[in-house]
Amino acid sequence: MCLAIPAKIVSIGELNMAEVDILGVSRHVSLDMTPEAKVGEFVLVHAGFSIQVVDEAYAQETLETLKQLDIVGDEIGPPDAAESDA
Amino acid sequence: MDLNTGFRDPEVAKRLIDSIAATSRTPVKIMEVCGTHTVAIAKNGLREVMPDSITLLSGPGCPVCVTANRDIDTAIEFGRVPGVVLATFGDMMKVPGSYSSLAREKADGRDIRVVYSPLDALRIAADEPDKQVVFLGVGFETTAPTIASVIRQAKLQEVGNFSVHSVHKTVPEALRALVNDPEVKVNAFILPGHVSVIIGLEPYRFLASEFGVPSVITGFEPVDILQGIHMIVQQFESGRAEVEIAYKRSVAPEGNPAALAILEQVFEPADADWRGIGVIPGTGLAIREEYADLDAAKRFQIDPPEVKEIAGCQCGDVLRGVVLPFECRLFAKSCTPEHPIGPCMVSSEGSCAAYYRFTDYGRS
């Protein structure tokens with residue numbers, strides 16, 4: 001339940017919300033806990049929130065691992081309709 | 001070792017396994033207290049590659065599993081209030097309470113919805129103003145700040161139809177309860193990586209200074225876990241007891257100050273009832289008075305039934321590492337992942353489910 005998945009910040013909008021890319025899936029996450037995070041950086045995402053800024057090389061390798069284990073979808077859920085409209 | 005590459009590298013793993021075997025002399029029982037570690041250890045067969053001197057035990061690291069029956073019963077009662085949408089993480093759906101589960105309630109027509117983030121629950125409240133949305137707040141320090149942030153946001157935006165039932169738990173003092181428990185024989189801890197991203201190293205310091213228990217904050221890849229075990233064994237064999245970080249690429253010694261500030265702003269320490277352990281003072285998170293109007297328990301009058309425990313289920317003893325999953329007489333007989341009886345088999349991160357899925361114990 002405490003799994004956290006690396007994501008790349010694509011853009012930062014209002015209310016500390018950011019669009020992130022997780023293996024090609026677009027999601028919106030809150031940057032409340034990592035106000036220092038910038039566009040292009042990688043963050044660990046847990047329950048719709050960025051909880052830590054992480055190094056890119058580490059993030060890429062973890063994503064590869066998660067892809068092999070096929071658990072990314074379990075953790076982030078389906079892309080929601082509101083986001084694909086945007 | 002380069003911490004940023006090769007943490008699934010079989011060669012690195014083999015070198016660590018060899019070094020652990022060469023270093024470990026004294027019998028040591030090492031407990032992991034994170035469900036993600038439980039699964040990783042079982043899935044990668046790490047228990048089987050340890051020397052005879054090392055026993056790996058699973059502890060109370062699955063937030064779903066440690067949720068007491070009374071708290072599940074209470075959540076079910078919130079879901080029965082007319083006009084209420086009960087929003088929850090999916091892990092909680094199948095966990096049995098005294099008489100029902102959220103999955104059964106949903107099948108019976110209650111409006112229970114699975115969300116991936118507490119932000120989704122707040123969105124439901126905004127989209128459906130004629131409903132009252134109650135979010136079931138379950139999780140350790142990794143998850144609790146996300147719910148604190150949403151509570152803060154709901155207060156700021158004056159969302160009148162959103163509230164939270166907080167059964168969050170905090171890890172460090174539960175570890176004190178374990179080392180003080182005469183039935184629990186644990187010599188060292190593999191500490192949870194993502195809980196520690198938030199809280200850092202300091203809250204665990206007493207494990208080493210007061211109890212002499214080596215403890216290492218550990219990541220989730222096979223090489224991470226082997227490195228954590230290696231550091232524990234090195235401490236143990238050299239007579240040291242320290243709290244160390246093996247997961248430095250994510251965990252800073254001070255944790256995440258922004259997350260801790262949000263947590264502190266919304267929640268205050270309270271007593272929490274842990275399945276199998278009982279009430280541990282100060283390990284719960286109650287919503288502060290300032291946010292009391294967002295506390296589901298203060299918004300709705302409910303009357304949960306008298307608690308009934310699950311007959312024959314030893315989940316509570318499994319969570320303390322006193323009984324191994326396959327030592328429970330229900331394991332792999334009446335209790336399987338397809339027909340689970342206790343929470344440790346229901347949750348994918350439960351010790352019983354991990355043993356059942358990835359090993360042959362109890363069935364050979």
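## A walk through chains A and B

Start by selecting residues 222-237 of chain B: this is helix 11, with 16 residues and a reach of 22 Å from its first C-alpha to its last, close to the 22 Å expected at 1.5 Å a residue. (The expected span is 1.5 Å times one less than the number of residues; helices are DSSP runs of H or I with at least four residues, strands are runs of E with at least two, and both are numbered from the N terminus.)

Before you go on, know that this is a predicted model, where local features need pLDDT of at least 70, side-chain atom pairs count only at pLDDT 80 or more, and totals for chains, interfaces and linings use all residues. Residues are numbered from 1 along each chain as its sequence is written, chains are lettered from A and ligands numbered from 1 in the order in which they are written, and side-chain values use heavy atoms, leaving out hydrogens and water.

Back to helix 11 of chain B: 13 of its 16 residues are buried, so the rest of the structure largely encloses it. (Buried is under 20% relative accessible area, exposed is over 50%, and partly exposed is in between, with a 1.4 Å probe and protein chains only.) After the helix, click on B:Gly239, whose phi is positive, near 75°.

Next, pick B:Ser215, in strand 8 (residues 215-218) of chain B. Is B:Ser215 buried or exposed? With 0% relative accessibility, B:Ser215 counts as buried. Its side chain reaches the backbone oxygen of B:Val213 at 3.0 Å. Leaving aside neighbours within four places in sequence, B:Ser215 has contacts (heavy atoms within 4.5 Å) that include B:Phe189, B:Gln235 and B:Glu244.

Now show both chains. Here 33 residues of chain A are in contact with 41 residues of chain B. The area buried between them is about 2,900 Å², with carbon and sulfur atoms giving 60%. (That is the accessible area, 1.4 Å probe, lost when two parts are put together, summed over both.) On chain A, select A:Met1, A:Cys2 and A:Met33: they lose the most area to chain B, together 27% of what that side buries.

Which residues form a salt bridge here? Zoom in on A:Asp32 and B:Arg152, whose closest N and O atoms are 3.5 Å apart. (The rule wants a side-chain nitrogen of Lys or Arg within 4 Å of a carboxyl oxygen of Asp or Glu.) The rule finds one such bridge across this interface.

Last stop: colour helix 1 (56-69) of chain A. Helix 1 gives the most to the side of chain A that touches chain B, with seven residues.

Note on methods: A polar contact is a pair of N or O atoms within 3.5 Å; within protein, one must be able to donate a hydrogen and the other to accept it, and residues adjacent in sequence count only if both atoms are side-chain atoms.
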